[in-house]
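Here is my note on the structure you sent. Please keep the sequence and the 3D view open while you read.

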Amino acid sequence: MRRVLAIGIGAGDLEHMTVGAIRALNQADVLFEIERGVEDLTALREEICRRYIEPDRRHRTVAVPEPRRDRAAPAYGAAVEDWRSQRAEVWERLIEQELDSEGCGAFLVWGDPSLYDSTIAVLDLVAARGRTRFELEVVPGISSIQALAARHRIPLNRVGGAVLVTTGRRLAEHGFPLLVPSRRRRGNPDLLGRLSWDRGRDPRLRAAGRGGCRDRGPAGASPRAQGLDHGLLPPAPSA
Ligand SMILES: C[S@@+](CC[C@H](N)C(=O)[O-])C[C@H]1O[C@@H](n2cnc3c(N)ncnc32)[C@H](O)[C@@H]1O
């Protein structure tokens, strides 16, 4: 059966390539290269291939045309869904045309394929269409979050706490999830404070006309309830 690999290649540092990613890269007969037209990223991907693919390993690079994504569409979710299904049509055709029945193709994914990346979702759509059969293998990579934490020499979580990963779009819509230090915190390192969505404070968000209410988060729950959900706050002391 055909194999398709989604290989995490790290967040832009050649040394982020894991042993598993290098092994996977060397199994591919075809490298599918999405045509994004971002020259420095293309150059870096080429450098990764030059450095890590064995000189005697034969492979081809196949350009994958990228359908236009409507970034101005008011319904973000629907626009992404539409774009993904257009991509699935293109990818299906290329997997069918470019890989023989036992062939192995690879998509190189910046960072880790599980984080804000649609490669896995699009390949799942291709599989769901049922016209082409392949086995999918996902090879994890160093994500931008791990790279960022390492560069700043910080852990991501507080002891026993959750980690919230969110998007710039959500920050613009709902404000910055802010921990307001609790007055009770002094002398008690376990009390972090109150979670607030800081829509009113950030001048960039105010300038975008999004100032105002600070007492509701994206899910409609109170900030305190959300903070508890995310493990950011200790439970309120009983009266
Ligand atoms: C579409 S997401 C892909 C995330 C990626 N899959 C990962 O695991 O990090 C692209 C965003 O990741 C972040 N990012 C990726 N590489 C980065 C890097 N080297 N430095 C800083 N941010 C990076 C930026 O916020 C960028 O807009």
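This is a predicted model: local features need pLDDT of at least 70, side-chain atom pairs count only at pLDDT 80 or more; totals for chains, interfaces and linings use all residues.

The points below go from the whole chain to single residues.

1. The chain has 239 residues, and 35% of them are buried. It contains eight helices and seven strands. Its accessible surface comes to about 14,600 Å². Carbon and sulfur atoms account for 51% of that area.

2. **Contacts across the sequence.** Take the contacts in the chain with a separation of 6 or more. Of these, 67% are between residues 24 or more positions apart. Keep this in mind for the pairs below.

3. **V4, in a strand.** Find V4 in strand β1, which covers residues 2-8. Is V4 buried or exposed? V4 is buried because its relative accessible area is 0%, and buried means under 20%. Now look at its partners. V4 touches I95, L99, G105, F107, L123, F134, E135, L136 and E137, with residues up to four places away in sequence left out. Consider F134. It sits 130 residues from V4 along the chain, yet the two C-alpha atoms are 6.5 Å apart.

4. **R2 and E96.** The structure holds 11 salt bridges. One of them joins the side chains of R2 and E96, at 3.7 Å from N to O. R2 belongs to strand β1 and E96 to helix α3 (residues 76-98), so this pair ties together parts 94 residues apart in sequence.

5. **T132 meets both.** T132 lies in the loop between α4 and β5 (134-139). T132 is buried, with a relative accessible area of 3%. Which side chains does the side chain of T132 reach by polar contact? One is that of R2, at 3.4 Å. Another is that of E96, at 2.8 Å. Neighbours within four places aside, T132 is in contact with R2, E92, I95, E96 and V126.

6. **R23 and E137.** Here is another salt bridge. The closest N and O atoms of R23 and E137 are 3.6 Å apart. R23 is in helix α1 (residues 19-25) and E137 in strand β5, so the pair ties together parts 114 residues apart in sequence. R23 is partly exposed, at 41% relative accessibility. E137 is also partly exposed, at 26%.

7. **R36 and E66.** This salt bridge links two loops. The side chains of R36 and E66 meet at 3.5 Å, N to O. R36 is in the loop between β2 and α2 (39-52), and E66 is in the loop between β3 (60-64) and α3, so the pair ties together parts 30 residues apart in sequence. R36 counts as partly exposed at 49% relative accessibility. E66 is partly exposed too, at 22%. Elsewhere, salt bridges that share partners join R3, R23 and E137 into one network.

8. **E33, in β2.** E33 is found in strand β2 (residues 30-34). E33 counts as partly exposed, at 23% relative accessibility. With neighbours within four places left out, E33 is in contact with T42, R45, T61, V62, A63 and V64. V109 is 76 residues from E33 in sequence, and their C-alpha atoms are 9.9 Å apart.

9. **The ligand site.** Which residues surround the ligand? They are A11, W110, G111, D112, L115, Y116, S143 and S144. A backbone N or O atom of W110 lies 3.0 Å from a nitrogen atom of the ligand. A polar backbone atom of D112 is 2.8 Å from an oxygen atom of the ligand. For L115, a polar backbone atom is 2.8 Å from a ligand nitrogen. Taken alone, the ligand exposes 560 Å², and the protein buries 46% of that.

10. Y116 is one of the residues around the ligand. Y116 is placed in the loop between β4 (104-109) and α4 (119-129). Y116 is exposed because its relative accessible area is 55%, and exposed means over 50%.

Conventions: Residues are numbered from 1 along each chain as its sequence is written. Side-chain values use heavy atoms; hydrogens and water are left out. Helices (H or I, at least four residues) and strands (E, at least two) are DSSP runs, numbered from the N terminus. Buried means under 20% relative accessible area, exposed over 50%, partly exposed in between (1.4 Å probe, protein chains only). Contact means heavy atoms within 4.5 Å. Accessible areas come from the Shrake-Rupley method with a 1.4 Å probe; for residues, only the protein chains shown count as cover. A residue is near a molecule or strand if one of its heavy atoms lies within 4 Å of it. A polar contact is a pair of N or O atoms within 3.5 Å; within protein, one must be able to donate a hydrogen and the other to accept it, and residues adjacent in sequence count only if both atoms are side-chain atoms. A salt bridge is a side-chain nitrogen of Lys or Arg within 4 Å of a carboxyl oxygen of Asp or Glu.
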